[in-house]
Amino acid sequence: MDIIFFIFFMAIFTVIFSFLGYLGYKKTKTAEDYFVAGRKMGALVIAFSYGATFISAVALIGFSGIASLYGHSILWLAFLNIFVGILIAFVFYSFRTRKMGLSLDALTLPELLGNRFNSRKLQSVAGIIIAIFMIAYTSAVFLAIASLFQVTFGISYELCVVIFTLIVGIYLIIGGLYAVMWTHAIQGILMLVGMLILTVGIYSMLGGIGPAHEAAAALTPGILEGIGTPAATLAPNGLTSMPPFLSQPFMMILTLIFGVGIGVLAQPQLITRYLTAKNEKALRLAVPYGGVFILLMTFTAFSIGPLCNVLMVNNGLTYPGTPDKVLPLIVSELFPQWFVGFFLFAVLAAAMSTASALFHTAGASIGRDVCEKGIIKECSHKKSIYITRIATLIIIVATLIITLNPLDVVAFMCAFFFGLMACTFLAPYTLMLYWRKISRAGAWAGMLGGFIFTMIWYILIYFKTAPNIIGQPIIGDYVINMLDPLFIGVPLSFILTILFSLLMKQDNEEEKIMKKAFENI
């Protein structure tokens, strides 16, 4: 596709979403409008907003590419996305989170923690952690969309990143959460339709479901080597089977599946969706809506990834050099022009949905959690919104800088953030919803203990990060250094939270707040 179409396409997209951002701006008259416009939203919007925030270009581009390397074993992540990310998240977390949020007048995860334990410092520290490290996830989203446009239009990666940054920044800084929530419904529908057409098209090219999977199973290491894909070694038992137990590919899949599959429970941008639900009915109905959406999105993306190898073999294509470019290559080379344009719009919408939600969460962490409710005692609502927008702009610029020099492929940057959030927040967040005896000291110990452990693991041990920091992991055994810190960090955080809560019990003020927090539960 030529550069003229690219310019036309981006102009149309910018106009549409800038208008949506303007509508959001008109609705943003107070701080409450900016942060909690979602409390006016019903079940369908909540479900699509949750789903579109959770599943984006990271899944469609990044994880489909990873599936092309490791095979259909990555489908276990689709199972956890539904079982943990929808069923457990909504049944065991969403209702209590919403009720406690209303009782404590909390609009964000850090504010919920701060109000629950009567600690502005706790809220501020939580906000800073979220704002800083969410940049890794937003960079993954930018990397995914830039890879798609680079392959499709043949323009420079850097130009793609800069253009997408400008669109997202204008849209979000103007529109606030109102624009984010409403446009997610539109973006979710586009994503769903695009992925369904793509999946049907790929299976049709390969003669149907049965023949397609048989063709994938028949790809030998020699055939895969012929198109230059690392799948020849990363899927030693074939693309339709799990790799050998405790092999390096097995450990890699284990990290991706559980890092993202469990980490979803502690994602601040998703927890905001519980806090902004219109009522409990909206949350209950969001379960089937969201479940179907996540099933269709993840199952299709992860299923077609390995099949891309068959299409590359059949059509004389070669591996594009990175998994993030595999699906874009198939779409741009084998599908009609009208679908290429539609798919671009759908994936760009998917990237917009997640990026805007992430930037809003990160900006709000600074504007509301660190400043208005944290270190700045006399901060007006108007000043809070101003600080939020400035912080959002700074975070967008930081994301741009990192994306221009990406740390890794999309899937692993996503897994890093999900795992870190789980190790840091899952224990205090879970226990404060269910255990009345958790104390401020316990929350501090669990949050900081999990965070510090995870950072030490990434710096000294983890095979992806330690070599870039200290030269080589201090533990050479790949079974250990390929293990996601979540497997140790989450249990450790729970132990520390419980232990310090028992040793350093609640004071009278904490007990009073605890009773208020549970008054509607």
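The model is predicted: local features need pLDDT of at least 70, side-chain atom pairs count only at pLDDT 80 or more, and totals for chains, interfaces and linings use all residues. Residues are numbered from 1 along each chain as its sequence is written, and side-chain values use heavy atoms, without hydrogens and water. The structure holds 4 salt bridges (a side-chain nitrogen of Lys or Arg within 4 Å of a carboxyl oxygen of Asp or Glu).

**Bridges around Glu280**
- Glu280 pairs with Lys99 in a salt bridge, with the closest N and O atoms 3.4 Å apart.
- This pair links distant parts of the chain, 181 residues apart: Glu280 is in helix H14 (residues 280-314) and Lys99 in helix H5 (residues 75-104).
- Helices are DSSP runs (H or I, at least four residues), numbered from the N terminus.
- Arg284 also forms a salt bridge with Glu280, at 3.8 Å between the closest N and O atoms.
- Glu280 is partly exposed at 27% relative accessibility (buried means under 20%, exposed over 50%, partly exposed in between; 1.4 Å probe, protein chains only).

**Arg440 and its partners**
- Asp507 and Arg440 meet through their side chains in a salt bridge (3.7 Å, N to O).
- Asp507 sits in the loop between helix H22 (486-503) and H23, whereas Arg440 is in helix H19 (residues 440-460).
- The backbone nitrogen of Arg440 lies 2.6 Å from a polar atom of the Glu510 side chain.

**Glu510**
- Glu510 belongs to helix H23 (residues 508-517).
- Glu510 is buried, with a relative accessible area of 4%.

Conventions: Helices (H or I, at least four residues) and strands (E, at least two) are DSSP runs, numbered from the N terminus. A polar contact is a pair of N or O atoms within 3.5 Å; within protein, one must be able to donate a hydrogen and the other to accept it, and residues adjacent in sequence count only if both atoms are side-chain atoms.
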